[in-house]
Amino acid sequence: MNPHSHHDEAAGAEEGELPAFAPRMRRLRRRSGLSLEAAARRAGLSPAHLSRLETGKRQPSLPLLLTLARAYGTTVGDLLGETAAAADPVVRGAETEPVDAGGWRYRQAGRSGRAMQALRVHVPPGPQGDLVRVHPGEEWIHVQRGRLRLGLGRTVEVLEPGDSAHFDSLTPHRLEAVSGEGVDLLFVHTLLQSPTADLCVGGLPGHGPAPGRPSSP
């Protein structure tokens with residue numbers, strides 16, 4: 001009897017149109033010898049939930065990616081299709097060049113070409129107009145200096161130095177500096193449905209740096 005359920009067959013027919021992470025998750029599960037039902041039990045999910053992940057109908061959160069990576073005996077980077085790590089994983093602050101876009105200033109805090117983007121961001125004082133950001137992925141921000149007004153859906157929070165926020169970036173969000181000197185942030189974003197270079201500072205040749213305001217935190 002085939003160890004894979006009928007869910008696999010149905011999902012396979014759609015693979016050509018899936019986000020890149022979805023078929024990769026299915027291949028790694030199969031490589032580990034787990035059926036959809038067995039993998040779902042290990043991860044504490046319903047088979048229907050895991051099937052939706054493997055057919056690109058839902059996006060996995062970071063905690064879920066960690067759980068699945070352990071269940072499949074692999075890494076989160078492998079699940080997301082990260083390129084091999086650079087020979088030197090350390091990013092020296094003094095060696096990073098700032099990139100200005102839309103009045104914001106960005107510096108790399110991680111390597112390009114990875115499934116997660118890490119940046120240091122300076123948000124200048126003053127209103128940001130009517131710009132509200134909505135984009136796929138999961139987002140984490142940490143306030144280093146200044147005060148930040150963060151709008152999430154219909155909720156507005158003011159973050160002080162040392163405060164952090166972690167949210168689904170499909171939630172409409174808006175960032176604005178409250179303090180007169182602006183705000184300095186650490187920013188990490190997962191790029192689950194976007195080509196990595198399109199949202200990374202210092203992306204691949206031909207893409208150019210594209211951390212512009214519509215795609216930024």
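**Salt bridges, burial, cores and a patch**

Modeller: Arg 145 and Asp 184 form a salt bridge through their side chains, with N and O 2.8 Å apart. The bridge joins distant parts of the chain, since Arg 145 is in strand E4 and Asp 184 in strand E9 (residues 183-190), 39 residues apart. Strands (E, at least two residues) and helices (H or I, at least four) are DSSP runs, numbered from the N terminus. This is a predicted model, in which local features need pLDDT of at least 70 and side-chain atom pairs count only at pLDDT 80 or more, while totals for chains, interfaces and linings use all residues. Residues are numbered from 1 along each chain as its sequence is written, and side-chain values use heavy atoms, with hydrogens and water left out.

Biologist: What makes the contact of Arg 145 and Asp 184 a salt bridge?

Modeller: The term needs a side-chain nitrogen of Lys or Arg within 4 Å of a carboxyl oxygen of Asp or Glu. Here the N to O distance is 2.8 Å, so the pair qualifies. In general, side chains of opposite charge can pair when their charged atoms come close.

Biologist: How many salt bridges does that rule give?

Modeller: The count is four. One of them joins Glu 160 and Arg 147, at 3.0 Å from N to O. Glu 160 is in the loop between strand E6 (155-159) and E7, and Arg 147 in the loop between E4 and strand E5 (148-152), 13 residues apart. Another joins Glu 176 and Arg 149, whose closest N and O atoms are 3.8 Å apart. Glu 176 is in strand E8 (residues 173-177) and Arg 149 in strand E5, so this bridge ties together parts 27 residues apart in sequence.

Biologist: Is Glu 176 called buried or exposed, and why?

Modeller: Buried means under 20% relative accessible area, exposed over 50%, and partly exposed in between (1.4 Å probe, protein chains only). Glu 176 has 15% relative accessibility, so the residue counts as buried.

Biologist: How do you know how to class Ser 164?

Modeller: Ser 164 has 41% relative accessibility, so Ser 164 is partly exposed. This residue lies in strand E7 (residues 164-168). Leaving aside neighbours within four places in sequence, Ser 164 is in contact (heavy atoms within 4.5 Å) with Trp 140, Ile 141, His 142 and Leu 159. Ser 164 and Val 143 are 21 residues apart in sequence, with 6.3 Å between their C-alpha atoms.

Biologist: What makes Trp 104 and Tyr 106 an aromatic pair, and how are the rings arranged?

Modeller: Rings of Phe, Tyr and Trp (its six-membered ring) pair if their centres lie within 6.5 Å; planes under 30 degrees apart are stacked, over 60 edge-to-face and the rest tilted. The structure holds one such pair. The two centres are 6.4 Å apart and the planes make 25°, so Trp 104 and Tyr 106 are a stacked pair. Trp 104 is at 0% relative accessibility and therefore buried, and Tyr 106, at 0%, is buried as well.

Biologist: What makes a group of residues a nonpolar core?

Modeller: A core is a set of buried Ala, Val, Leu, Ile, Met, Phe, Trp, Tyr and Cys residues joined through side-chain atoms within 4.5 Å. The largest has 22 residues, and those with the most contacts inside it include Met 25, Leu 50 and Leu 68. H2, H3, H4, H5 and H6 each give two or more residues to this core. H5 gives the most, with six. A second, separate core of 18 residues includes Val 123, Ile 141, Phe 167 and Val 183.

Biologist: Why do Val 132, Val 134 and Leu 170 count as a nonpolar surface patch?

Modeller: Patches are made of residues with over 30% relative accessible area and no salt bridge; like charges are joined within 9 Å, and nonpolar side chains (Val, Leu, Ile, Met, Phe, Trp, Tyr) within 5 Å. Val 132 has 43% relative accessible area and so is partly exposed. With Val 134 and Leu 170, this residue makes a patch of about 250 Å², an area from the Shrake-Rupley method with a 1.4 Å probe, where for residues only the protein chains shown count as cover. Val 132 sits in the loop between strand E3 (116-123) and strand E4 (138-145).
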